[in-house]
Amino acid sequence: MSTIPIFADENWKLPSRGRVGMLSLIIGESAIFTIFVVAYVYYIGRSAYGPTPRILDVPYFNTVCLLSSSLTIWLAEHAIERGKIRAFGLWWAVTLLLGATFLVGTGIEWSRLIVVEGLTIRTNLFGTTFYSLVGLHATHVVVGLVGLSIVMLFTLFGRIEQRHAERIQVFALYWHFVDAVWVVVFTVVYIVGR
Amino acid sequence: MADQALPISGSLAATPSRGAALLEWLHAWVVTVDHKKLGILYVVYALFFLLIGGAEAIIIRIQLAVPNAHFVSPEVYNEMFTMHGTTMVFLVGMPMLFGFANYLVPLMIGARDMAFPRLNAFSFWMTAFGGLLLYFSFVGGFGLYGMGSAPDVGWWAYAPLTAKAFSPGHNTDYWALALIVSGFGTLGTAINIIATIISMRCRGMTLFRMPLFAWLMLVVSGLTLVTITPLTAAQIMLLIDRYLGGHFFDTQAGGSAVVWMHFFWIFGHPEVYVLVLPAFAIANEVIPVFSRKAIFGYPAMVSASVGIAFVSMAVWAHHMFTVGMTSVGNAFFVLSTMMVGIPTGIKIFNWLATMWGGKIRFATPMLFCTAFVLQFLAAGLTGIMLSVAPWDWQLHNSYFVIAHFHYVLVGAIVFCIFSAIYYWYPKVTGRMLSEKLGKWHFWLFFIGFHVTFDTMHFVGLLGMPRSIYTYEADRGWNTLNMIVSIGGIIQAVAVLLFVWNLVDSYLHGAEAGNDPWDAWTLEWSTPSPPPPYNFAIDPVVRSRRPLWDIKHPNDPDWKYER
């Protein structure tokens, strides 16, 4: 190929493959969530028997925790881009904490529903759709927390440097996605469906 | 394939034993992250299942050849058509086409490898595991009833037949789990192809200088992202119903069987385009090279492909006209389905215009592509017929529908897959496939295809429903069914000839050289087979046909392209 003289743009620059890959994953995941959300919305009020969505309590505290974690992870991204590793570690830890709080909150909510209200995934159609949609989101939170914890450990051992900023940002895209999905799930389950 | 002559580790003086060498060779294939090796693995895996799925088709055809037959039991017959459909779509079609993408896309865009080589290996092994899981059901799917049994609910697996009460045992779970697992593999590959095409192109390879093959693979991968995932979601719901006692598709608890149909076809219809767009991609490479002309209407081809991808996501309920919809719903899906004909028609005219006035060489790849254009046109026309709701009410679930979609899946996709194998085999192995056997293969397969599937339209028009075990002798279907089955045998013979050709030419075929077809895309500038690093020097391109520019320095393409 060396016979072709170089005519191409001298600054030939392409998008980062990490970002493109993560955005593609997010598109695919959105389709999965869409199907579950459509099922939930379609089945609202169609449950033939058993508890209804009125037994749900709106998880305000949880929601605030999860949504603010998007802000803190953004602050962490911002910090690592400028090489401020300590600030990065601090904001990252806050993000991890907020995410974990959300998960614990979901656990408390579910245990109340199961023990007090007697609603399980097999009780009725509402139980099936509720636990599967909220559970699908919670699964994504768990995956996100695993990722956050791994980066946290690396940070504690001092292995995170400024040059890792892009990887961190690619991972943060996923976390932002998990938060954005919660906005949809929250609206559908706790506002429209209740 | 002999691209790495690495010494066996730990052997200094002694030559390793044959067993150790074999083990090392096998090990190299299992741990590889090279896109070319993974591409070969995909294609070999798909060919293996093509033979299995083909054998299942032959069993179906033997059973249906004469009325009141008892060649297999009704239970086995149900397993055969379920496994035939599932195998051909998930274990043959997609792995084959993604295998080509894996091998060719990095070479075509001048990259060293895929964007995520390890994800690539992971995706392949997930897909492979999914296939093995599906077929393990023959042994392991026993559940409550003793012997092994394969899934028998049809490849569409309509509710409520899939509920635990009606499908006890584990065979339906094998079906769902296998497709979830291979679905993750497919999702990984799609992400990888998108990232590769967006982020790994060589210098000068702008999007509108990419070979159309790469363009179409980009579109297909994008479509895959939003197509495979609804199936995964629906399968998860099915498993929740079956294992956790959920009620998604349980009509007694307020669930709906029709929702499954919607979810399945939201996946199922775009899936057809996931399979057929790579076939178009192959035709887009083969037809220009063997017509000795640049492709006609490159931008129109790109936009038509993107158009097909978009329209294909809004047509799914034409599989459900007989379920009953509002007249508005019917009208919407009739019109959206007909609209697919517009971009598809653009493509057919572009291929014809590419051939028009060209110096056509009818080598085997071109023969298959020419037949493809003809057959795909016919398949499209019966598609337009079936898109008309009243017509569909008459013929839904008849053999007319089977004939229509086999015209697409075999007449278009399988023909293009064969074309691609004849075209790129020299690049992959360094040897030419035998032209003589190739011609035999083409003509036998072409004749067998038409004997089977042309006749099948008439069986359908006479009212024979799909998925039936057998039929009475007085229906007037006897002769036609016999002809259909004979055509199936002819196709099977042709495929066996092809497999023989693959093996024999690998051992004794003529040397191919770098560029046996005098082609224009970057993969032909590398040695055959390409070295692990693909390009010794990163290529730089200035036009859509970089090799043309090299071969004709006085008349390069970039003077005319903008």
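Predicted model: local features only at pLDDT ≥ 70, side-chain atom pairs only at ≥ 80, totals over all residues.
Which residues is Cys416(B) in contact with, leaving aside its neighbours within four places in sequence? They are Ala279(B), Ile282(B), Ala283(B), Phe368(B), Cys369(B) and Phe372(B). As general background, nonpolar side chains tend to be buried together in soluble globular proteins.

I turn now to chain B as a whole. Chain B contains 16 helices and zero strands. Its radius of gyration is 24 Å, close to the 24 Å that the globule rule gives for 562 residues, so chain B is as compact as a globular protein of that length. The C-alpha trace of chain B spans about 70 × 60 × 45 Å along its principal axes. Of the 562 residues in chain B, 54% are buried. Among the contacts in chain B with a separation of 6 or more, 81% are accounted for by residues 24 or more positions apart.

Helix 6 of chain B covers residues 212–244, which is 33 residues. From its first C-alpha to its last, helix 6 reaches 47 Å, close to the 48 Å expected at 1.5 Å a residue. Where is the kink in helix 6 of chain B centred? The kink is centred on Thr224(B) and amounts to about 30 degrees. After helix 6 comes Gly245(B), whose phi is positive, near 75 degrees.

Helix 6 also brings us to the partner chain. In the model, 39 residues of chain B are in contact with 33 residues of chain A. On the side of chain B that touches chain A, the elements giving two or more residues are helix 5, helix 6, helix 7 (257–291) and helix 16. Helix 6 gives the most to that side, with ten residues. The residues on this side of chain B divide into 25 nonpolar, ten polar and four charged.

Finally, I come to the backbone in the loops. Most residues other than glycine have a negative phi, and most peptide bonds are trans.

The loop between helix 4 (117–140) and helix 5 (171–199) of chain B holds Pro160(B), and the peptide bond from Ala159(B) to Pro160(B) is cis, with omega near 0 degrees. Ala157(B) lies in the loop between helix 4 and helix 5 as well, and its phi is positive, near 50 degrees. Is Ala157(B) buried or exposed? Ala157(B) counts as buried because it has 22 C-beta neighbours inside 10 Å.

A cis peptide bond also joins Ser528(B) and Pro529(B), with omega about -10 degrees. Pro529(B) is placed in the loop between helix 15 (478–508) and helix 16 (546–551) of chain B.

Lastly, Asn68(B) lies in the loop between helix 2 (35–65) and helix 3 (74–108) of chain B. Its phi is positive, near 55 degrees. Asn68(B) has 8 C-beta neighbours inside 10 Å and therefore counts as exposed. Thank you for your attention.

Methods:
Residues numbered from 1 in each chain as written. Chains lettered and ligands numbered in written order. Helix = DSSP H or I, 4+ residues; strand = E, 2+ residues; numbered from the N terminus. Buried ≥ 20, exposed ≤ 12 C-beta atoms within 10 Å, placed from the backbone. Expected span 1.5 Å × (residues − 1). Bend = angle between axes of the 7 residues up to and from the residue. Contact = placed C-beta atoms within 7 Å. Nonpolar A, V, L, I, M, F, W, Y, C, P; charged D, E, K, R; others polar. Rg over C-alpha atoms; globule rule 2.2 N^0.38 Å.
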